[in-house]
Amino acid sequence: MELIVSLKETLTPRPCELSKRQTIELSGLDRISPAILYTIFFYKSQLSHELSSSEVDVVERAKRALQKVLVSWFPAAGRLRINEGTGKLEIDCNNEGVSMIIAETDSKLQELGRLHKYKPCYEKLVPQLPEAGDISENPVVVVQITRFSCGGFSVGFGSSHALFDGSGAFNFLASWAHLSTGKDESDLLVPNHSRDSFLHAIYSPNSSPGGASSIYEQDHIAAIQDLYNIPMQAIASNDRCWETALSKFSQIDPPGGLQLQLVSLCIGEEVVEAWKGLAVEQGKLSKCSTFDVLCAHIWKARVKALMLHPCTNICLQFPVDCRSRMNPPLGKNFTGNAFVLASVSCLVSDLLQEPLHNIIRRIQAAKDVITDEYIKLYAKALESSDKFFPSMRELTIVTDWLRFPFHALDFGWGKVSSAALLATPVPETAFLMLNLEESGGFLVRIGIGGQHVQDLITNFNNFNY
């Protein structure tokens, strides 16, 4: 559908109390992708259709709360830059502020249909940043609040992945929403933005040996070793040209000339619970999480849809939060990227012929590999100047957003009614999310070539295990 959005106000909120200018050195985990990741949160009308003073007050409170939350989350008001001495990306905490837009549309939320399903018009619900010649020209956090004629709202949020990982971004949003509803700041977790302890752990004399001269030499790390037999699709020699290489990679059309489509797949809680019980019983597993079973299912469904040769080497990788797995732990308040990739590798024939519980066992074993030593070796390997990204036909990436209670992000308009993810730097990545439009249900948002969409849907909806 066509969505006409009128911009009413453009502003650059800065911290209401300016912090001392400082630089945050980033880890290799932070520098994997500096691109902005966009999510839109929808709020159905809690008030009358006429613009009321209450709605105006809520928007004004959200603006003031953003200035307030930036005091403790000051890197969000900074800018990325390349360190001229090291050639590495870093955050310049210069208090230049975030980009914020207040907008409105004559459309109604119900006209958008299923809100969680991506639509091209959603691009109008987030700030459109100009193409910058220098990475330091654009903000690292952007926000757009759009009022719909039905009285509903959307909050379009984007943040650089170099600034936050998923947990960091959610905690920022939760803190902003908390203050927007007038709650006490003392209830909030004090964020820790410094990467110093993480970098020190990687390079301390007691850390595991292993240089970072070339990432290709890291054959002792499963997540890197498993990629050796997969063709490379994006390669760069340093941080300065990596963003360009990755952006070109994400624009490559799949073979066959049909453009990549973003697909949202729904599955009910009762089906997932039945699969979990079946996997535990048949596979003699001690446990089975919702992530385990959905991750195994979408991997099988995607690979089958792509119709790869049975003898093709394939790989599944998924981020594992390492905050509590490091020694000493990083802490829940660490806002930087604190994930490493767990990896499962096999042939196509193995994946498609093995029962579901065997694939789940492989996934669980891959998680068990993520120890303190593995994390430090992985992070040290990423300090290499070499950067590469493999072909996304053979590699499946699954990201777990099930643990983020997005429905709780109340800015004053009530709970989130639905959430939609826009195109990501690697659009083929599968995101597992709660289905806020159907209580207890789950969503899988994934990108795939247009010629494979129907096969993917058919495979995903095949519940015959």
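Biologist: In this predicted model, which residue forms a salt bridge with Lys8?

Modeller: A salt bridge requires a side-chain nitrogen of Lys or Arg within 4 Å of a carboxyl oxygen of Asp or Glu. For Lys8 the closest N and O atoms of the pair are 3.7 Å apart. The partner that forms this salt bridge with Lys8 is Glu104.

Biologist: How many residues apart in sequence are the parts that the pair of Lys8 and Glu104 ties together?

Modeller: Lys8 forms a salt bridge with Glu104. Lys8 lies in strand S1 (residues 5–11) and Glu104 in strand S6 (residues 99–105), so the pair ties together parts whose separation in sequence is 96 residues.

Biologist: Is Lys8 buried or exposed?

Modeller: A residue counts as exposed when its relative accessible area is over 50%. The relative accessible area of Lys8 is 53%. Lys8, in turn, is exposed.

Biologist: Which residue forms a salt bridge with Asp30, and where do the two partners lie?

Modeller: The closest N and O atoms of the salt bridge between Asp30 and Arg195 are 2.9 Å apart. Asp30 lies in the loop between strand S2 (22–25) and strand S3 (36–43), and Arg195 in the loop between helix H2 (166–180) and helix H3 (196–203), so the pair ties together parts that are 165 residues apart in sequence. Both Asp30 and Arg195 are buried. The partner of Asp30 is therefore Arg195, in the loop between H2 and H3.

Biologist: How many residues apart in sequence are the parts tied together by Glu438 and Arg114?

Modeller: Glu438 forms a salt bridge with Arg114, and the closest N and O atoms are 3.2 Å apart. Glu438 lies in the loop between strand S16 (430–435) and strand S17 (441–449), whereas Arg114 lies in the loop between S6 and strand S7 (141–147), so the parts that this pair ties together have a sequence separation of 324 residues.

Biologist: What relative accessibility does Arg114 have?

Modeller: Glu438 counts as partly exposed at 34% relative accessibility. Arg114 also counts as partly exposed, and its relative accessibility is 39%.

Biologist: Where is Cys93 found, and which residues does Cys93 touch?

Modeller: The place of Cys93 is in strand S5 (residues 89–93), and at 1% relative accessibility Cys93 counts as buried. Cys93 and Pro75 are 18 residues apart in sequence, with their C-alpha atoms 5.2 Å apart in space. Leaving aside residues up to four places away in sequence, Cys93 touches Lys20, Arg21, Gln22, Ile24, Phe74, Pro75 and Gly78.

Biologist: Which residue has its backbone oxygen 2.9 Å from a polar atom of the side chain of Ser180?

Modeller: Ser180 is found in helix H2 and counts as buried at 0% relative accessibility. Residues touched by Ser180, not counting those up to four places away in sequence, are Arg61, Ala62, Ala65 and Phe411. The backbone oxygen that lies 2.9 Å from a polar atom of the Ser180 side chain belongs to Trp176.

Biologist: Are helices H6 and H9 roughly parallel or roughly perpendicular?

Modeller: Two packed helices are described by the angle between their axes and the distance between the axes. The axes of H6 (residues 269–283) and H9 (residues 356–368) come within 9 Å and cross at roughly 90 degrees. Angles of 65 to 115 degrees count as roughly perpendicular. H6 is therefore, relative to H9, roughly perpendicular.

Biologist: How do the residues of the contact of H6 with H9 divide?

Modeller: In H6, Trp275, Ala279, Gln282 and Gly283 meet Leu356, His357, Ile360 and Arg361 in H9. The residues of this contact divide into 4 nonpolar, 3 polar and 1 charged.

Biologist: Which residues does Ile360 touch?

Modeller: Ile360 is found in helix H9 and is buried, with a relative accessible area of 0%. Ile360 and Lys276 are 84 residues apart in sequence, while their C-alpha atoms are 9.7 Å apart in space. Beyond residues up to four places away in sequence, Ile360 touches Ala279, Leu285, Cys288, Asp292, Val293 and Ala296.

Note on methods
Residues numbered from 1 in each chain as written. Predicted model: local features only at pLDDT ≥ 70, side-chain atom pairs only at ≥ 80, totals over all residues. Heavy atoms only, no water. Helix = DSSP H or I, 4+ residues; strand = E, 2+ residues; numbered from the N terminus. Buried < 20%, exposed > 50% of the residue type's maximum accessible area, 1.4 Å probe, protein only. Polar contact = N/O pair within 3.5 Å; in protein donor to acceptor, adjacent residues only side chain to side chain. Contact = heavy atoms within 4.5 Å. Axes fitted to C-alpha atoms, helices over the stretch in contact; angles between N-to-C directions. Parallel < 35°, antiparallel > 145°, perpendicular 65-115°, else oblique. Nonpolar A, V, L, I, M, F, W, Y, C, P; charged D, E, K, R; others polar.
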